[in-house]
Amino acid sequence: MYVEQVTIGGVKKDSLIMDGIELGKYIIEATYGYNKIWSSDSGRNLKGSKKGTLTGIFPKLKITFRSLNKDELHLLAPHFDSAVQTFQYYDDTKGGMLTMKTYSNDWEVISNNTKRVKSFGVNFIANERRTL
């Protein structure tokens, strides 16, 4: 029997897990990025040719969270504030579930003195390069 996987920005929604918390019910969009980091010997020569050494590809999850109530925010916020998060996610380029440790960018919410915060985004960047 074929069961369609619901994806958002290429990430299978029900397979996105942060520190043991299934994020599918909290998010409206997620994008998986392949960010290349180049060594200091990289750049263009006088002819304009690209030269240098690829240090690695560091995956990034860009997640847009839906409007959250205060209890939901209180559950997730400590993980955003933590120095390291552990993500499990389905990666179509590898054909299976992967695990990566990440750090997150600065994040902010708009509250307007209500019991909810508006939708907001957080980026989670891999601490180590992806294995090819």
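Predicted model: local features only at pLDDT ≥ 70, side-chain atom pairs only at ≥ 80, totals over all residues.

**Before I start.** When I write "contact" below, I mean heavy atoms within 4.5 Å.

**Entry 1: a loop residue.** Leaving out its neighbours within four places in sequence, I find Asn 105 in contact with Val 122 and Asn 123. Asn 105 sits in the loop between β11 and β12 (116-117). I checked Asn 123 again by C-alpha positions: Asn 105 and Asn 123 are 18 residues apart in sequence, and 5.6 Å apart in space. Is Asn 105 buried or exposed, or something in between? Its relative accessibility is 27%, so I put Asn 105 down as partly exposed, since that class lies between the 20% and 50% cut-offs.

**Entry 2: the whole chain.** Next I stepped back. I count one helix and 13 strands in the chain. Reading along the sequence, I get the pattern β-β-β-β-β-β-β-β-β-α-β-β-β-β. The chain has 132 residues, and 33% of them count as buried. I also looked at contacts with a separation of 6 or more: 59% of these are between residues 24 or more positions apart.

**Entry 3: the sheet.** In what order do the strands of the seven-stranded sheet come? I wrote down β4-β3-β10-β11-β13-β8-β5, an open sheet with antiparallel pairing. β4 (21-22) and β5 stand at the edges; each has a single partner strand, so one side of each is left without a neighbour in the sheet. A reminder to myself: strands of a sheet pair through backbone hydrogen bonds, either parallel or antiparallel.

Then I went through some of the pairs.

- β10 (residues 85-91) and β11 (residues 96-104) run antiparallel and are joined by seven bridges. I picked out Tyr 90, whose bridge partner in β11 is Met 97. β10 and β11 make a hairpin with four residues between them, and Gly 95 in the turn has a positive phi of about 75°.
- β11 is also joined to β13 (residues 120-126), by three bridges, and these two run antiparallel. Here I find Tyr 103 opposite Ile 125 in β13.
- β13 and β8 are antiparallel too, with six bridges between them. Leu 61 stands opposite Phe 124 in β13.
- β8 (residues 54-65) and β5 (residues 27-38) are antiparallel and share 11 bridges. Ile 37 stands opposite Gly 56 in β8.

**Entry 4: the salt bridge.** How many salt bridges does a search of the whole structure find? I got one. The side chains of Glu 72 and Arg 66 meet in it, at 2.8 Å from N to O. In general, side chains of opposite charge can pair when their charged atoms come close.

I stayed with Glu 72 for a bit. Glu 72 is found in helix α1 (residues 70-81). Not counting residues up to four places away in sequence, Glu 72 touches Tyr 26, Arg 66, Ser 67 and Arg 116. Why do I list Glu 72 as buried? Because its relative accessibility is 15%, and buried means under 20%. Arg 66, with a relative accessible area of 22%, is partly exposed.

**Entry 5: the largest pocket.** The largest pocket here has a volume of about 260 Å³. I find 13 residues lining this pocket, and the closest to its centre are Thr 99, Met 100, Glu 128, Arg 129 and Arg 130. Which strand gives the largest share of the lining? It is β11, with four residues. By kind, I sorted the lining into five nonpolar, three polar and five charged residues.

**Looking back.** β11 turned up several times in my notes: β11 pairs with β10, β11 pairs with β13, and β11 provides four residues of the lining of the largest pocket.

Methods:
Residues numbered from 1 in each chain as written. Heavy atoms only, no water. Salt bridge = Lys/Arg side-chain N within 4 Å of Asp/Glu carboxyl O. Buried < 20%, exposed > 50% of the residue type's maximum accessible area, 1.4 Å probe, protein only. Pairing = 2+ DSSP bridges. 1 Å grid on protein atoms, 1.4 Å probe; cavity = no way out; pocket = protein on both sides within 12 Å on 5 of 7 lines; lining within 4 Å. Points joined across faces, edges and corners; volume = space filled by probe spheres on them. Nonpolar A, V, L, I, M, F, W, Y, C, P; charged D, E, K, R; others polar.
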